[in-house]
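Subject: Structure handover

Hello,

Here is the structure for you to look over. My notes on what was found in it follow below.

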Amino acid sequence: MILVVYIFFGMGIFFGILGNVGVLKFPDIYTRLQASSKCAVTSLISILLACMFLKGLSPMTGKILVITVFFLVSSPVASHIIARGAWERGTTPWRRRKSQ
Amino acid sequence: MGIDPFILDVVIYVLMGISVLSMVRVFAGPTPEDRLVGLNLVVAQVLGILVIIAVKFDRSIYLDVALVYAILGFIGILAIARYLGNDGGGE
């Protein structure tokens with residue numbers, strides 16, 4: 001069981017670092033949003049699952065489960081709102097420049 | 001169910017460094033939506049820090065703080081996106 005906790009903490013740190021590298025390096029709002037939304041959800045869900053496995057069956061596990069379900073619903077909605085706002089304000093997606 | 005508290009400290013410090021890196025995008029983003037993307041990442045990582053602190057010190061009150069922080073982060077991002085001119089979709 002402790003091994004599962006280590007694996008989920010490692011996954012959380014790994015995906016968190018990858019999401020930040022993507023947000024810092026990608027060239028456009030849509031590509032940054034793609035890196036941000038997936039990696040934030042995966043990283044935080046992994047860390048919360050590790051905490052749930054660490055606490056076992058206790059009232060704290062129920063509260064962490066409530067936070068997990070709320071974040072799993074609200075974070076994609078927030079990403080979609082940001083993307084739709086950018087699209088309706090007329091931001092054009094980035095394209096690779098043709099090398100002539 | 002014992003775990004080395006040093007591991008929890010390492011995860012907390014890594015999340016703190018990562019959230020500082022996300023604040024770089026909040027400060028340097030060329031458009032307002034880029035700043036919102038960075039803010040969304042910071043909300044997620046601070047939420048993780050709060051939950052790990054609650055598990056480490058075995059204080060259940062930090063989980064309530066984390067839940068309220070998640071709700072307020074979502075409402076804040078929604079309000080800023082609405083303020084930037086997105087009028088709710090639809091023509």
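Chain B has an average pLDDT of 86, and 91% of its residues score at least 70. This is a predicted model, with an ipTM of 0.87 and a pTM of 0.88.

The notes concern the contact between the two chains. Chain A contributes 41 residues to it and chain B contributes 39 residues. On the side of chain A that touches chain B, the elements giving two or more residues are α1 (2-25), α2 (29-55) and α3 (59-88) of chain A. Of these, α3(A) gives the most, with 18 residues. By type, that side of chain A comprises 26 nonpolar, nine polar and six charged residues.

Next, the pairing of α3(A) with helix α3 of chain B, residues 61-83. The axes of these two helices are 10 Å apart, and the packing angle is about 10°. Because angles under 35 degrees count as roughly parallel, α3(A) is roughly parallel to α3(B).

The residues that meet, if you want to select them:

- From α3(A): A:Met60, A:Lys63, A:Ile64, A:Val66, A:Ile67, A:Phe70, A:Phe71, A:Ser74, A:Ala78, A:Ile81, A:Ile82 and A:Gly85.
- From α3(B): B:Leu63, B:Ala66, B:Leu67, B:Ala70, B:Phe74, B:Ile77, B:Leu78 and B:Ala81.

Regards

Conventions
Residues are numbered from 1 along each chain as its sequence is written. Chains are lettered from A and ligands numbered from 1 in the order in which they are written. This is a predicted model: local features need pLDDT of at least 70, side-chain atom pairs count only at pLDDT 80 or more; totals for chains, interfaces and linings use all residues. pLDDT is the predictor's confidence in each residue, from 0 to 100. Two residues are in contact if their C-beta atoms, placed from the backbone, lie within 7 Å. Helices (H or I, at least four residues) and strands (E, at least two) are DSSP runs, numbered from the N terminus. Ala, Val, Leu, Ile, Met, Phe, Trp, Tyr, Cys and Pro count as nonpolar, Asp, Glu, Lys and Arg as charged, and the others, Gly among them, as polar. Axes are lines fitted to C-alpha atoms, for helices over the stretch in contact, and angles run from 0 to 180 degrees between N-to-C directions. Angles under 35 degrees count as roughly parallel, over 145 as roughly antiparallel, 65 to 115 as roughly perpendicular and the rest as oblique.
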